[in-house]
Amino acid sequence: MKLYVSFAARIRAMIDEGVLRPGDKIFSVRQASQKYNLSISTVLRAYLLLEQEGIISSHPQSGYYVTPRKRQKQRGSPLAKDINLSEVDTSKLVLTTLKSIREFGTVPLGSPFPDPQLFPLKKIHQYEKALTDNEGEWGILSELPPGNEMLRQQIARRYLVHDLDISPDDIVITHGATEAITLCLQAVAKPGDMIALESPGYYALAHTVERLGMQVAELRTDPDSGIDLDALRTTIAQSRIAAVVLTSNFQNPLGFVMPDEKKQALVSLLAEQQIPLIEDDVYSELYFSELPPKPAKAFDHHGLVLHCSSFSKSLAPGYRVGWTAAGRYRQEVERLMFLNSLSLPSAPQIAIAKFMQRDSFDQHLKQLRHTLRSQYVLIRNVIEESFPAGTQLSVPKGGYVIWVQLPQQLDALNLYRAAIDNGITVAPGTIFSRRKDLTHYIRLNFSHLWTLAIEQAVRHLGALACEMLEEPSQD
């Protein structure tokens, strides 16, 4: 076998085995020559062969990158075969997407998670690693609810940015925002109660409600301003609503910010009816404007807004450190936290608190916002250039997802299947609601650092959508 063919096969195997993933930069010609003791001409011929096969692509003055296009189209993702497009199981579809990203290196446009490369995880890990022998910072008592005092103090200081005077004693640390929301639901409602949610809205919230034996009432949500207050009034008049759960800032998947006057009207309406509002505010630090938006909690004068958040979207994804400022329900939430989890690991809490105390958290957030804002512009431009005529886009005010309305005759689940067979993931609109009119929407994640492979994937996704529109009808 010729040397260049053998070397090309070696690179191809690295890609097939997941050592090199779509979007990764591979060895430069000089690096490969030195590492594998090959001539530069041999490496160049191998790379040319891989380019012709569509496995890698060259980027002038940058190097060679793994591309998801041709190779993954041939191979596809075996997991995609498990998806029954006639009966959508949301949890199965989401798990298929995440497994496809993890096991087959598909481009993570459908991921719900931000790119870990955006965060100072190495620095936080250094703080965590240094804690073992620090007397007074480690021990069972410090792990009991409501959580580490230093971290609660740092969170209370962040609330001051929104002119919210919340005592550290009013904050309960949790295993992420999902547990915070779960505890708040248990504190204000019981099995069988009706909980009002946004539609479209984040699919995990509906699952959380149903897992607790509660019922879901979906409220139509405007892509620019949030839930329809008239629809909420009607629902309250017709049913006994035990609580409302929503995201007022940079909602997933729509990306809107609810106007302050609407937040105030919402909080007042619920206060009149003595209905608690559980506010999921995990994206609050990811604003694109000069000033941060206020949470609905800022308009709460009766302790009925249970504010929930975490560091998973702003500082430390994977650390599972969240919290709630639960107002009049704080003691009940703390009791439930003790009964459900007993304790929380001290090290992640202290490491995050020390980073916030000693390093430039604000500088990190400033850079994070700039990166996300820039990548939003990039993905928007590529979508507008490559997707079918008639495609409409949301205008997110922050966060890292964009909501795409496709031409009505294009089925998002069919596009999902075609995309995953081509090494690309998307999140189809049907997973964000029980409504039957979201079949031509998709959500895309733009947090992953913009590379040629990401750009090509978005363009290829647009090409797939165009091809599907051109296919003759099956009727």
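Reply: What follows covers the contact first, then a sheet, then some backbone details.

The model is a predicted one. The domain assignment divides the chain into domain 1 (3-66), domain 2 (78-118 + 363-470) and domain 3 (134-359).

Between domain 1 and domain 2, the centres taken over C-alpha atoms are 28 Å apart. In the contact, domain 1 takes part with 7 residues and domain 2 with 9 residues. The size of an interface is often expressed as the accessible area lost when the parts come together. For domain 1 and domain 2 this buried area is about 570 Å², and carbon and sulfur atoms give 58% of that area. On the domain 1 side, Arg21, Pro22 and Ser57 supply 58% of the area buried against domain 2, more than any other three residues. Strand E1 (residues 56-59) contributes 3 residues, the largest share of the side of domain 1 that touches domain 2.

Four strands make up an open sheet in the order E11-E12-E14-E13, with antiparallel pairing. Its edges are strand E11 (392-393) and strand E13 (427-428), each of which pairs on one side only. Strands of a sheet pair through backbone hydrogen bonds, either parallel or antiparallel. E11 pairs with strand E12 (residues 401-405) in the antiparallel sense, over 2 bridges, and leucine 393 has valine 404 in E12 as its bridge partner. Helix H15 (residues 361-386) lies across E11, E12 and strand E14 (441-445), and runs at about 15° to E12.

Some backbone details remain. Most residues other than glycine have a negative phi, and most peptide bonds are trans. The bond from serine 199 to proline 200 is cis, with omega near 0°; proline 200 sits in the loop between strand E4 (194-199) and helix H10 (203-211). Another cis bond joins asparagine 252 and proline 253, with omega about 25°. Proline 253 is in the loop between strand E7 (241-246) and helix H12 (260-273). Phenylalanine 250 is found in the loop between E7 and H12 as well, and has a positive phi of about 60° although it is not a glycine.

Definitions and conventions
Residues numbered from 1 in each chain as written. Predicted model: local features only at pLDDT ≥ 70, side-chain atom pairs only at ≥ 80, totals over all residues. Heavy atoms only, no water. Pairing = 2+ DSSP bridges. Contact = heavy atoms within 4.5 Å. Axes fitted to C-alpha atoms, helices over the stretch in contact; angles between N-to-C directions. Domains from an automatic or database assignment. Buried area = accessible area lost by both parts, 1.4 Å probe.
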